[in-house]
Amino acid sequence: MQYEIKGGVFPVVVCQLAAGEQMITERGSMVWQSPNVKMETSGGGLGKMFSKAFAGESMFQNVYTAQGGPGVVAFGSSFPGKIVPLEIGPGKEMILQKRSFLAGEIGVELSVHFQKKAGVGFFGGEGFILQRLSGQGIAFVEIDGELVEYQLEPGQQIVVDTGNLAGYESTVSMNIQQVAGLKNKFLGGEGFFNTVLTGPGRIWLQTMPVSNVAQALLPYIPTGNG
């Protein structure tokens, strides 16, 4: 599979498939394709379907296959930002925020990742449930706004506002910490908790999470009361 990422703030990834090659996506992100690329919707087994539903994801996957010769299929982002390719393989698993996965080669496996620490689950913003990418192949993920990447050394930490965390390698551990001081909690506008990431491993931060944009727009949305 060959690919090219095109566009600016609303990018698309255009995938050139050889005959028989397949791509998967979790939602309706296809924006154009050649006529010989056929789509088939699959649930991936009852257990996987229930776990996806519990995680707030679609229970089904769309599989696109180039039939009878080479084909083209393009997948588009749903929010201003970037599409980033990831090489997934043994020892190269990634943990992502929900809804980050856009599409991937058929060998990429998307599963539910549960936070083991109760504090992270209840106060870490995304809760117990994140996405885990494993298997083998190239995956494409959506980043809200711009992407900032850090490589953490063993024991090195960084404190992040939870919404700005896009993903991290499976070698990185995640925890939460309270914002110090009552005045800071209630008047600082930064919430009560932040996310703490500890290396070793690579982390991805996004500059414009969709949740922050939605919160900023709330005061300007008419309530219908006058």
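**From a strand to the cores**

V160 is found in strand β15, which spans residues 157–160. The model is a predicted one, in which local features need pLDDT of at least 70 and side-chain atom pairs count only at pLDDT 80 or more, while totals for chains, interfaces and linings use all residues. Residues are numbered from 1 along each chain as its sequence is written, and side-chain values use heavy atoms, with hydrogens and water left out. Strands (E, at least two residues) are DSSP runs, numbered from the N terminus.

V160 is buried, because its relative accessible area is 5%; buried means under 20% relative accessible area, exposed over 50%, and partly exposed in between, with a 1.4 Å probe and protein chains only. Leaving aside its neighbours within four places in sequence, V160 is in contact with L165, N194, T195, L197 and L205, where contact means heavy atoms within 4.5 Å. V160 and V196 are 36 residues apart along the chain, and their C-alpha atoms are separated by 6.3 Å.

Strand β15 belongs to an open sheet of three strands, with the order β15-β18-β17 and antiparallel pairing. Its edge strands are β15 and β17 (173–178), each of which pairs on one side only. Neighbouring strands of this sheet are turned by 30 degrees against each other on average, direction ignored; for such angles, axes are lines fitted to C-alpha atoms, for helices over the stretch in contact, and angles run from 0 to 180 degrees between N-to-C directions. Two strands pair if DSSP finds at least two bridges between them. Strands β17 and β18 (residues 193–198) pair in the antiparallel sense over six bridges, and S173 stands opposite T198 in β18. Strands of a sheet pair through backbone hydrogen bonds, either parallel or antiparallel.

Another group of paired strands involves β6 (residues 61–66). Strand β3 (residues 22–25) pairs with β6 in the antiparallel sense over four bridges. Within this pairing, T25 stands opposite N62, and I24 stands opposite V63. Strand β3 also pairs with strand β10 (residues 101–105), in the antiparallel sense over two bridges; here the bridge partner of I24 is G104. Strands β5 and β6 pair in the antiparallel sense over six bridges, and V37 has A66 in β6 as its bridge partner.

Six of the six residues of β6 are buried, so this strand is largely enclosed by the rest of the structure. Q61, V63 and T65 point one way from β6, whereas N62, Y64 and A66 point the other way, and all are buried.

The loop between β4 (30–33) and β5 (37–42) contains S34. S34 is buried, because its relative accessible area is 16%. Neighbours within four places in sequence aside, S34 is in contact with G71 and V72.

The interior can also be described through its nonpolar cores. A nonpolar core is a set of buried Ala, Val, Leu, Ile, Met, Phe, Trp, Tyr and Cys residues joined through side-chain atoms within 4.5 Å. The largest such core has 16 residues, and those with the most contacts inside it are L86, F101, L133, V141 and W204. The elements β8 (81–88), β9 (94–96), β11 (108–114) and β13 (137–144) give two or more residues to this core. Apart from it lies another core of 15 residues, among them C15, I83, L102 and F140. Leaving aside neighbours within four places in sequence, W204 is in contact with residues including V84, L86, M94, V141 and I143.
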